[in-house]
Amino acid sequence: MKSKGAAVQNNPHTTLITAEAPVAANTHGGRAKCLQRLVRLDFPVPRTVALSFDAVQRIAGGQVPDIAAILEQFDEAALLCVRPSSEDPDWGGPGAILNIGMNDARYVDLSDEMGNEAAAALSLRFVQSYAIHVARLDADVFDDIEADGLEGLRQSLRAYEDETDEPFPQDRGEQLVAVLRSMARAWDGTSARLLRQAKGAPADAGLGLVIQEMVPGVGQGECGSGVLQLIDPTTGLQQITGRYLSQSQGRDALGEGVAALYLEKDPRGKSLEEVAPKAFAELKAHAAIMREKLREEMQVEFVIENGHVHILDGVRVQRSARAAMRIAVRLAEDGIIPQQEAVMRVDPHSLNELLHRQVHPDARRDVLTTGIAASPGAATGNLVFTAAEAQASAARGEPCILVRRETSPEDVRGMHAAVAVLTEKGGMTSHAAVIGRGLGLPCIVGASEMRFQTKEKMLTAQDGRVFKTGDKLTIDGTSGQVLAGQPAMLEAALDDCFQTLMSWADAERDIEIRANADTPADAQTARNFSAQGIGLCRTEHMFFDPGRLIVMREMIFAQTSSGRAAVLERLLPMQRADFVQLFRIMEGQPVCIRLFDPPLHEFLPTTRSGQRELAEALDLPVSDVERRVAEMTEYNPMLGLRGVRLGITVPEIYDMQARAIFEATLEASEEGALVVPEVMIPLVSAKREVELVKSRIDTVAASVAAERGQEFEYRLGVMVETPRACLRADEIAPQTAFLSFGTNDLTQMTYGLSRDDAGRFMSAYVRQGVFAEDPFHVLDPDGVGELLKLGSERGRRVQPDVTLSVCGEHGGNPESIAICRDLGFDYVSCSPFRVPVARLAAAQLAISSRLGG
């Protein structure tokens with residue numbers, strides 16, 4: 001005669017969970033494996049049977065396991081529950097079904113134990129849950145039932161029979177088969193598959209199921225059920241939280257606690273610790289043991305029956321990004337996991353939630369539209385529609401959101417004054433996105449579903465709501481959502497745990513991380529985030545200050561080389577002061593300064609009123625201004641007179657900048673660490689371009705050294721952002737000390753895509769599988785990555801010690817950093833607020849490489 005459980009224990013696909021049972025996460029799922037670990041810890045776990053992935057797959061195909069053998073594992077009167085058990089608990093699964101086995105006879109028994117009303121309520125919940133989730137009836141079948149208790153149960157059973165033309169099943173085995181089949185088929189549904197794939201599950205991920213005996217949790221002593229965890233899931237701080245449903249003597253009291261589990265509706269107003277101190281102490285002890293032995297913060301699901309604790313499950317605590325970081329660090333500090341593992345447990349992308357204010361996860365969201373989440377963080381402010389209005393608002397101390405169709409360099413000062421930016425056009429590397437990330441400013445671009453009426457200073461949402469100057473909106477640059485009103489916020493969380501995690505990451509990584517910084521404020525942010533220098537300083541942003549802009553415009557209208565040089569003499573001390581500040585803030589760390597890059601027309605007014613004002617300022621006829629603006633207009637300025645082309649045709653600009661850099665080098669070195677500036681020539685595509693510019697810069701350097709009677713060092717390099725520069729790197733590299741790949745423009749030119757306009761159709765391209773990812777967000781490994789490979793190999797073949805780097809926005813993207821690291825690049829450079837993301841991602845790549853991952 002077989003002993004109880006033999007049939008199940010001998011079946012590898014239908015397994016009674018014991019300490020020695022052959023259960024694994026990759027065959028039976030994470031929940032089943034966790035329950036086995038709890039059994040091994042000698043926790044009071046109710047009897048449980050696990051069904052393997054294969055068994056569930058066969059159930060979905062119509063092959064039902066030996067139900068009689070499964071039911072033999074449980075007492076005849078026991079109610080059962082079935083829960084999903086996917087390989088990774090975060091992949092989810094169909095909802096649990098409780099109280100299987102509830103029928104007329106069991107209702108009579110429970111009425112004797114807990115009273116008619118409580119038994120009827122329990123039966124009613126099961127009947128409706130079974131009807132909706134197993135029999136697949138519409139929930140509105142029960143909408144007209146207003147009665148509770150026994151009468152509500154009777155009406156629900158009658159409604160079930162009317163809809164299905166059969167009575168509610170009474171047999172526990174029949175109920176169990178239907179539940180298993182329903183859950184198995186739900187896992188194979190299209191919606192479920194897409195949902196779990198969005199969470200990182202493979203398309204063919206399997207589902208296991210666990211069948212567990214339910215503990216009644218009723219009696220004369222303290223009885224009830226709930227969950228408990230030792231940390232706050234939002235902050236990660238140590239704090240006992242959870243919920244508890246008391247059913248003692250038929251009571252129904254649900255509440256949530258802070259320092260303990262309170263029964264808010266309990267007339268005694270006492271906590272669980274007070275009403276059941278022994279059980280509460282046991283629960284805390286079990287949670288602490290789980291934390292140590294399972295190496296994770298766990299949520300304990302429990303039932304208390306007459307004061308005795310039963311552990312139903314242990315689930316990894318769902319957590320925010322800040323909680324995940326704090327949990328990983330605390331586990332390592334307590335010696336439960338190694339520091340390397342703590343570094344690996346934190347998703348680099350999630351650090352954005354720590355570095356910026358965020359909408360509180362529990363806040364109500366009144367979503368107006370969703371655009372491209374171009375720069376993370378959240379902020380609330382009053383709408384303004386011009387840079388001047390933003391500056392005026394900031395002067396009054398009123399937070400504002402700058403709304404533009406698309407931003408231009410003229411809007412930078414307004415962006416500095418705003419708390420967030422919203423644009424109708426643009427993509428991940430548009431002007432607003434790049435500047436927003438550099439400033440740490442929440443930014444949404446490509447919000448084209450809203451109607452932008454900037455002349456009328458109005459925004460119209462899809463639902464018809466109109467917002468004008470002064471109206472309050474919230475920009476969630478992390479999710480891309482534009483919200484009405486002012487939801488609750490969570491502040492940034494750069495505490496000791498963050499600094500500790502970053503120090504562990506820095507000890508592991510093997511590639512340097514620099515920052516793109518255009519202003520002293522950017523440079524200070526870069527230092528605060530422990531960047532190892534500035535990899536890109538875009539000098540053109542220094543010219544849009546009103547006092548400098550008019551001088552730039554005078555230079556543009558100068559007719560001769562000497563006239564341009566004379567005007568630029570007035571900008572020289574301003575540029576020199578900029579660079580002195582940057583050098584002093586970086587304290588001897590490398591600073592790579594890109595020479596002037598944009599076309600000159602960007603500095604000229606485009607409106608008639610702006611042109612009239614310029615004519616008045618320069619004492620010129622308006623017609624002369626209009627003619628000059630027309631002369632400088634280009635059909636495709638991105639591919640026109642800009643970068644090195646401007647430096648060769650209007651060399652006075654680069655001469656002035658080189659002198660400012662070298663004079664600042666000597667001035668900053670006198671008072672601090674030795675400065676060795678890096679001077680970068682943009683948009684190079686030919687060897688001769690480098691030779692021409694290098695010759696003039698060397699001449700300026702020699703002149704400054706002679707005038708000051710002091711020698712200094714500097715490094716000259718190029719920004720590799722054209723496909724030809726990658727292909728001819730073997731000709732260019734001998735002229736340079738470094739090759740810095742500007743992947744924003746390189747992606748643009750390789751694909752033939754405008755980075756400012758691609759946002760209009762990029763989501764459709766990604767959705768339809770044309771591109772796996774937005775190539776302006778994640779570096780394209782096949783096309784652009786191949787050019788990086790060719791450029792780096794050819795450059796180093798002729799110049800083995802040439803420094804290689806990436807200074808586009810891809811420098812802050814973990815997937816893109818992996819490509820750069822594999823190619824042997826020396827550093828990546830990214831926006832200051834993305835430096836921590838890059839530091840952590842680089843550390844994880846180094847750890848994975850050493851572990852053979």
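Predicted model: local features only at pLDDT ≥ 70, side-chain atom pairs only at ≥ 80, totals over all residues.

**Entry 1: the whole chain**

I began with contacts in the protein between residues at least 6 apart in sequence, and 67% of them join residues at least 24 apart. I counted through the elements and have 34 helices and 31 strands in the protein. The C-alpha trace spans about 105 × 60 × 50 Å along its principal axes. Of the 853 residues, 55% are buried.

**Entry 2: H26 and H27**

Next I looked up a helix pair, H26 (residues 652-671) and H27 (residues 687-708). Their axes come within 9 Å and cross at roughly 40 degrees. Angles under 35 degrees count as roughly parallel and 65 to 115 as roughly perpendicular, and H26 and H27 are therefore oblique to each other. I put the crossing of H26 and H27 down as right-handed.

Which residues of H26 meet H27? I listed Tyr654, Asp655, Ala658, Arg659, Phe662, Glu663 and Leu666 on the H26 side. Facing them from H27 I found Val693, Arg696, Ile697, Val700, Ala701, Ser703, Val704, Glu707 and Arg708. Sorted by class, this contact of H26 with H27 has nine nonpolar, one polar and six charged residues.

**Entry 3: H19 and H34**

I then turned to another pair, H19 (residues 496-508) and H34, which pack at an angle of about 45 degrees with their axes 8 Å apart. That makes H19 oblique to H34. The crossing of H19 and H34 is left-handed.

From H19, the contact uses Phe498, Met502, Ala505, Asp506 and Glu508. From H34, I wrote down Pro836, Arg839, Leu840, Ala843, Ala846, Ile847 and Arg850. The class tally for H19 with H34 is eight nonpolar, no polar and four charged residues.

**Entry 4: arginine 834**

I also checked the loop between strand E31 (827-830) and helix H34 (835-850), where arginine 834 lies. Is arginine 834 buried or exposed? Its relative accessible area is 12%, and buried means under 20%, so I filed arginine 834 as buried. Leaving out residues up to four places away in sequence, arginine 834 touches Arg437, His777, Glu809, Gly812 and Asn813.

**Entry 5: H23, one face in and one face out**

In H23 (residues 608-618) I marked Gly610, Gln611, Leu614, Ala615 and Leu618 as buried. Looking down the axis of H23, I see these buried residues fall within an arc of 140 degrees, so they line one face of the helix. What do they pack against? The buried residues of H23 pack against helix H21 (546-557) and helix H24 (622-632). On the face of H23 turned away from the buried side, I noted the exposed residues Arg608, Glu613 and Glu616. Aspartate 619 follows H23, and its phi is positive, near 55 degrees.

**Entry 6: H16**

I repeated the exercise for H16 (residues 387-395), where Ala387, Glu389, Ala390 and Ser393 are buried. They cover an arc of only 160 degrees around the axis, which puts them on the same side of H16. The buried residues of H16 pack against strand E14 (378-384), strand E15 (400-404) and helix H17 (412-417). Ala388 and Ala395 are exposed on the face of H16 turned away from the buried side. Just after H16, I found glycine 397 with a positive phi of about 80 degrees.

**Entry 7: positive phi in non-glycines**

Asparagine 99 is not a glycine, yet I read a positive phi of about 65 degrees for it. Asparagine 99 lies in strand E4 (residues 97-100) and is buried, with a relative accessible area of 9%.

Glutamate 587 isn't a glycine either, and its phi is positive at about 50 degrees. I located glutamate 587 in the loop between helix H22 (561-586) and strand E26 (591-594). With 54% relative accessibility, glutamate 587 counts as exposed.

**Entry 8: valine 275**

Valine 275 is buried at a relative accessible area of 18%. I also took a distance: the C-alpha atoms of valine 275 and glycine 307 are separated by 9.3 Å, while the two residues are 32 apart along the chain.

Technical notes
Residues numbered from 1 in each chain as written. Heavy atoms only, no water. Axes fitted to C-alpha atoms, helices over the stretch in contact; angles between N-to-C directions. Helix = DSSP H or I, 4+ residues; strand = E, 2+ residues; numbered from the N terminus. Parallel < 35°, antiparallel > 145°, perpendicular 65-115°, else oblique. Left-handed = near helix turned anticlockwise from the far one by under 90°. Contact = heavy atoms within 4.5 Å. Nonpolar A, V, L, I, M, F, W, Y, C, P; charged D, E, K, R; others polar. Buried < 20%, exposed > 50% of the residue type's maximum accessible area, 1.4 Å probe, protein only. Arc of directions from axis to C-beta.
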